[in-house]
Each structure stands twice: as C-alpha cells, then as structure tokens.
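Trainee: I am new to this structure. Could we go through it together?
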Amino acid sequence: MKPSPLLIRLLLIAALCALAVSAARIWWPSAAGLLTSAWWLGMGALALASALDFATGRHCDGLTGQRTLPGNLALGVEQEIQLDLENRGSRTLSLLLTDQVPAELRGRDLPLQIHLTPEQEICTRYRATPVRRGMAAFGHLEALVSSPWHLWQRRVLFGEAQDVRVYPNFLGISSLQALSTEQSLRYMGVHQQQRRGEGLDFRQLREYRRGDSQRQVDWRASARMQKLISREYQDERDQEIIFLLDCGRRMRTRDGDLSHFDHALNALLLSAYVAIRQGDAVGLQCFAGDHSRLPPVKGEGAINLLLNHVYDLHSGTSHSDYTAAAEQLLARQQRRALVILLTNVRDEDSEDLTAAVQQLSRHHLVMVACLRERALDELLEKPVADFDDALMHGAGKDFVQRRDRLLQQLRARNTILADALPSAMHMSLVETYWQLKRSGRL
C-alpha cells in the first residue's frame with residue numbers, strides 16, 4: 001500500500017495549515033489557541049480516516065483479468081489488445097490499469113481508468129504498435145487499486161504472461177491471397193508484358209478466342225472437333241529463386257520508422273509470395289553476421305515457413321563480405337536459380353561485389369537489389385543556403401555519382417538490377433521478377 005495522490009495533497013494542505021498556525025502565534029496571538037486546536041482536530045480526523053481506509057483497502061480479493069492478443073503481430077501495424085476484467089469481490093473497485101508491454105511494442109492509451117462494481121465484468125482495449133520483430137513477451141496486468149476513500153493505493157498484479165511473435169509486415173500478402181496472380185499484380189500496380197519466344201509449358205486445350213495467334217491453334221484438334229481449338233500455355237514452373245540477404249551493418253540504416261533490413265524483408269516476402277503463386281520454389285541464405293539458411297521450398301505452406309524463418313532475423317554490425325557469401329551459396333546450390341542479392345551498396349564495394357556477381361553468374365542468373373538511401377535524395381533536393389550546405393551537397397553528389405558508376409559496371413556485366421528506395425523495393429522486386437518470368441530468362 002502507498003499513499004494516494006489525494007492523501008498526499010491533504011498532507012500538504014495540513015503542512016500549510018501548520019505554517020499558518022505558527023504565523024498566527026506571532027501576528028494573531030489571541031486566535032492561536034483556537035487555530036491550534038482546530039489543526040490538531042483535523043489531523044486526528046485525517047489520521048483516523050487514513051487508518052480505517054488502510055484497514056479496509058489493504059485486501060483486494062476478487063480482481064481477475066485476462067489479455068486477448070492477435071494470433072500474430074505485423075511490424076509497424078497498429079493492433080488492438082483486448083483486456084477482460086471481472087470484480088468477484090464485495091466492494092466497488094476504482095483502479096488505474098496498465099499492461100506490462102514488451103519492448104518490442106509501443107503502447108498507447110495507457111493507463112486506463114477503470115471503475116468496477118461487485119460482480120461486474122467489462123471489456124476494454126488499448127492500442128499497440130510493434131516496433132521490433134521477434135518474440136514479444138507480455139508480462140502481467142498491473143493495477144493501482146484505490147482504497148474505499150481513495151486515500152491509499154495498492155499495486156496488484158494479475159492475469160497471465162503471454163508470448164506473441166512479431167513478424168515482418170505481411171499484411172500486403174494477406175490482402176493478395178484471395179486474388180489471382182494477374183489480379184495481384186494489377187493491385188500492386190505492376191505492368192505486365194507479354195512473354196516472347198518459346199519455352200512455355202503446355203497447360204490445356206480450349207476453344208479459340210479472338211486475339212489468339214495462329215501458332216496457338218491446334219489444327220488436328222480443330223479438325224476433330226470441327227471448330228478452332230487453341231493451345232493454352234503457362235509459364236514454366238519449378239524454377240528456384242534464392243534470396244541472398246545482407247545482414248550487415250549497412251542494413252541498420254533507418255528509412256522512416258523501419259530500417260533498411262526491415263524494408264528488405266518486406267520486399268523479400270512479397271516477391272517470394274508472388275513467385276510461390278507462380279509455382280516456383282523460394283529459398284534464403286543470410287550473410288554478414290547471421291548465416292541461417294532455408295533450402296528452396298514451394299507449395300501452399302512455403303510462405304508461412306519463410307515467415308517463421310525470418311521473423312526474428314536482425315541485422316548486425318559485421319562487414320558484408322560478398323565474395324564469401326557467393327562461395328557459400330555456390331557450395332550449397334547446385335541447380336541453376338535466380339539469385340537475388342538484397343543489400344545496400346557503396347562504391348567501396350566495387351571490387352568485392354563485382355567479383356561475387358561474376359562468380360555467381362557462371363552458374364546462376366543474378367539480380368542485385370540495391371536499397372537507395374532516401375536521405376541522399378533529400379540532401380540533393382535541399383536548397384544550398386550557405387557554405388556548409390554547399391559542402392554537404394557536393395559530398396552527396398559525389399557519393400551518388402560513384403554509386404551510379406558501380407551500378408553501371410554491374411549492368412555492363414549483364415547483371416539485373418533493381419535500384420529503388422526502401423519503401424518501393426517490394427514493387428521493384430516483383431516487377432523485375434515478373435519481367436524475367438515473362439521474357440523466358442528465368
């Protein structure tokens with residue numbers, strides 16, 4: 001039990017009254033005796049009330065509650081947390097309720113002011129936003145329960161501790177699950193191109209439709225059915241896509257509320273989902289600090305397997321060694337695949353990155369997905385007002401030019417590039433994958 005704010009205020013008032021009584025002894029001696037008696041009477045009444053309130057309020061039996069969490073949480077997406085409370089005791093409870101929210105979440109609307117009559121059940125909610133991926137451990141519910149006269153407060157812990165996983169932002173995936181591949185791509189704004197050349201897998205025969213090419217017409221089936229019959233094809237399936245994910249220190253750079261690493265994971269998951277919907281297998285290999293690996297998987301459960309594999313991955317402080325990462329991948333991945341390197345490149349990476357891409361290109365189709373730093377674009381767009389601004393603008397311009405030269409070198413070696421701001425990388429990855437798929441290069 002501890003004194004409530006009300007009791008503390010009453011004690012402060014009593015202290016001020018004591019000062020007033022002391023002053024009255026000097027300036028108004030005739031009334032000092034009466035004021036002193038009144039002060040002692042008030043203090044006695046306050047002490048008696050405090051003692052009785054302490055005795056009746058020290059027991060707080062019957063307060064129960066439980067927390068209802070969503071099955072999973074998505075990074076950066078605000079969620080409602082439901083709290084169910086019940087007062088099984090015999091007296092009315094006034095309490096200040098809060099929750100032991102883990103460091104991975106940022107709660108708001110807490111603490112909550114609750115008033116519970118005997119045998120009353122209520123449901124209340126607060127909102128929380130995950131700010132870090134991984135396993136989030138909620139503690140107990142915590143309440144400051146006031147005594148009947150609100151002179152004391154007792155800290156009460158109740159409810160059970162719970163764990164919940166904070167995943168990358170997979171809401172983009174869940175919103176696409178009910179759509180076909182073409183509808184999903186249109187929903188994301190991806191421009192679809194017709195596939196050129198051969199190499200399509202035969203799917204089925206169907207009636208001729210206006211716009212079908214003559215090469216699609218199956219003349220034998222048309223003669224047999226006495227009407228034009230076309231062959232329908234689908235993109236080649238069972239291809240493999242390997243994401244080579246940089247977990248080094250550069251991926252710790254923040255863009256808005258998320259780091260480059262979190263943006264890279266969001267882009268990886270969305271593009272992996274599109275590839276899995278196309279019948280391809282998706283795998284993952286991390287480098288620079290974390291060396292976890294997921295062999296290529298496909299099918300309906302593949303995206304959930306991938307989510308559970310990456311939800312607690314974090315970037316570290318290690319240097320990104322592209323050559324070593326390429327050697328590890330080549331040692332494990334024998335079948336030809338599309339290797340997507342997700343990283344944040346700098347011009348000092350030129351030799352190491354170029355050597356790694358060249359090494360991978362001998363056996364695989366290689367794409368380098370570069371996350372461009374928004375701060376550089378903002379720096380170059382900022383007006384130059386003084387000499388310091390001019391120095392910063394010149395340094396930023398030089399950095400961007402050297403980075404562009406590195407990307408040009410990669411293009412000259414027939415490396416596929418996806419260069420975009422972190423928030424737009426998911427669109428760039430999906431569109432580039434789709435173009436490769438439709439062009440027959442994959």
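Trainee: Is the crossing in which α6 passes α12 left-handed or right-handed?
Mentor: The crossing of α6 past α12 is right-handed, a term used if the near helix is turned clockwise from the far one by less than a right angle. This is a predicted model, where local features need pLDDT of at least 70, side-chain atom pairs count only at pLDDT 80 or more, and totals for chains, interfaces and linings use all residues. Residues are numbered from 1 along each chain as its sequence is written, and side-chain values use heavy atoms, leaving out hydrogens and water.

Trainee: Which residues of α6 and α12 make the contact?
Mentor: From α6 come Ala267, Leu268, Leu270, Ser271, Val274 and Ala275, and from α12 come Met425, His426, Leu429, Val430 and Tyr433; contact means heavy atoms within 4.5 Å.

Trainee: How do these residues of α6 and α12 divide into nonpolar, polar and charged?
Mentor: Nine are nonpolar, two are polar and none is charged. Here Ala, Val, Leu, Ile, Met, Phe, Trp, Tyr, Cys and Pro count as nonpolar, Asp, Glu, Lys and Arg as charged, and the others, Gly among them, as polar.

Trainee: Changing topic, which strand gives the most to the lining of the largest cavity?
Mentor: That is β19, with four residues. Both β18 (281-287) and β19 (293-297) supply at least two residues each of this lining; strands are DSSP runs of E, at least two residues, and helices are runs of H or I, at least four, numbered from the N terminus.

Trainee: And what classes does the lining of the largest cavity have?
Mentor: Five of its residues are nonpolar, three polar and two charged.
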